[in-house]
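User: Hey, I'm new to this one. Can you walk me through it?

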Amino acid sequence: MTWTAQAQPLFLAGVLGWSGLAKAIDDDPRGRVADTALHRLLGGRLAADVFVALGIGEAVLALALLAAPGRPVALAAVALTVGFLAYLTYAAVATPQASCGCLGKKKVRLSWRSFARAGMLLAAALVTAFGAPAWWQSPPLLPLFLLLAGEAALFVALSAELDRLWLTPLRRLRVRVAPPLTGTPDVVPLQASISALVRSPAYRAMSAWLASDVLDHWDADGWRLLVYGVRLPDRRATAVFAVPLAQARLDAIRVTLVDEEDTVLALP
């Protein structure tokens with residue numbers, strides 16, 4: 001549809017204008033490109049200059065898309081978006097852990113979302129290049145607005161740099177509405193019991209004779225029983241610590257020594 005093509009210069013102008021201004025007025029371009037593939041490709045100083053120049057070029061192209069969205073401008077947008085994809089491919093091969101440095105000051109690693117976003121921009125540029133009436137030539141306003149809103153939402157969803165604007169609040173809301181631990185069994189983690197145990201007087205009294213880490217554990221009647229190996233001067237034995245599952249004082253933790261014949265021994 002003609003109005004679909006008419007919307008693409010507006011979409012591209014919005015994205016490129018935003019991205020270009022963010023690069024052109026960045027107060028620390030060297031810091032921005034320090035951990036990007038552009039830094040590895042061009043070196044620190046040249047990478048910063050190219051970064052700023054690219055931002056100015058994007059901003060100028062955005063203005064051209066608004067004022068004269070003809071084929072020459074559309075082809076320039078196609079060339080730019082193909083360049084984006086080429087850069088992302090190089091970055092994924094040369095520095096897969098590097099930041100994209102594409103949009104905003106937040107540094108994020110490359111992912112499939114970066115490629116999908118660049119592909120979306122290339123598709124919009126190709127539609128514009130096929131030639132369509134200028135965006136101001138009587139488009140249906142409501143469908144045009146809805147299409148632009150949908151494209152903008154998809155672009156934001158594909159931009160990891162913008163997750164703080166929508167994905168993080170959404171996750172926080174989900175936790176408030178449906179807490180992740182709701183409905184799960186009320187089980188005390190084993191590490192929590194061990195952490196309490198090693199700070200207890202009972203453990204400190206036995207620590208010199210302990211010869212192993214936890215060998216076994218089970219829960220019974222509100223207690224967690226933890227089994228350790230013990231090396232005494234004249235025999236081997238087992239220490240069974242009883243840790244309350246409910247929150248309790250550390251001095252409530254008890255220990256029993258049992259030898260290989262299941263005889264309860266006095267504490268050393």
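Predicted model: local features only at pLDDT ≥ 70, side-chain atom pairs only at ≥ 80, totals over all residues.

User: OK, salt bridges to begin with. How many salt bridges does the count come to?

Analyst: The count comes to 4 salt bridges. A salt bridge here is a side-chain nitrogen of Lys or Arg within 4 Å of a carboxyl oxygen of Asp or Glu.

User: Which residue forms a salt bridge with Arg 113?

Analyst: That's Asp 163, and the closest N and O atoms are 2.8 Å apart. Arg 113 lies in helix α6 and Asp 163 in helix α8, so the pair ties together parts that are 50 residues apart in sequence. Helices and strands are DSSP runs numbered from the N terminus: helices are H or I with at least four residues, strands are E with at least two.

User: And is Arg 113 buried or exposed?

Analyst: Arg 113 is buried, because its relative accessibility is 15%. Buried means under 20% relative accessible area, exposed means over 50%, and partly exposed is in between, using a 1.4 Å probe and protein chains only. Asp 163 is buried too, at 14%.

User: What does the side chain of Arg 117 meet in a salt bridge?

Analyst: The side chain of Glu 161, at 2.9 Å from N to O. This pair links distant parts of the chain: Arg 117 is in helix α6, and Glu 161 is in the loop between α7 (141-157) and α8, 44 residues away. Both Arg 117 and Glu 161 are buried.

User: Switching to rings. How many aromatic pairs does a search of the whole structure find?

Analyst: It finds 4 aromatic pairs. Rings of Phe, Tyr and Trp (its six-membered ring) pair if their centres lie within 6.5 Å; planes under 30 degrees apart are stacked, over 60 edge-to-face, and the rest tilted. One of the pairs is Tyr 203 with Tyr 228, an edge-to-face one with 6.1 Å centre to centre and 70 degrees between the planes.

User: Why does that pair tie together parts 25 residues apart in sequence?

Analyst: Because Tyr 203 lies in helix α10 (residues 201-206), whereas Tyr 228 is in strand β2. Tyr 228 is buried, at 2% relative accessibility. Tyr 203 also pairs with Phe 241, this time tilted, at 5.9 Å centre to centre and 40 degrees between the planes. Here helix α10, with Tyr 203, is linked to strand β3 (residues 236-244), with Phe 241, 38 residues apart. Phe 241 is buried, with a relative accessible area of 0%. Together, ring pairs link Tyr 203, Tyr 228 and Phe 241 into a cluster.

User: Where is Asp 221?

Analyst: Asp 221 is in the loop between β1 (210-220) and β2 (223-231). Asp 221 has a positive phi of about 55 degrees, although it is not a glycine. With a relative accessible area of 78%, Asp 221 is exposed.

User: Which residue forms a salt bridge with Asp 219?

Analyst: Arg 224 does, with the closest N and O atoms 2.8 Å apart. Arg 224 is buried at 4% relative accessible area, whereas Asp 219 is partly exposed at 42%.

User: New topic: which residues does Thr 95 touch?

Analyst: Leaving out residues up to four places away in sequence, Thr 95 touches Ala 37, Arg 40, Tyr 90 and Leu 110. Contact means heavy atoms within 4.5 Å. Thr 95 lies in the loop between α5 (71-94) and α6 (112-129), and at 14% relative accessibility Thr 95 counts as buried.

User: Last one: what separates the C-alpha atoms of Ala 123 and Gln 8?

Analyst: 9.2 Å, and the two residues are 115 residues apart along the chain. Ala 123 is found in helix α6 and is partly exposed, at 39% relative accessible area.

Conventions
Residues numbered from 1 in each chain as written. Heavy atoms only, no water.
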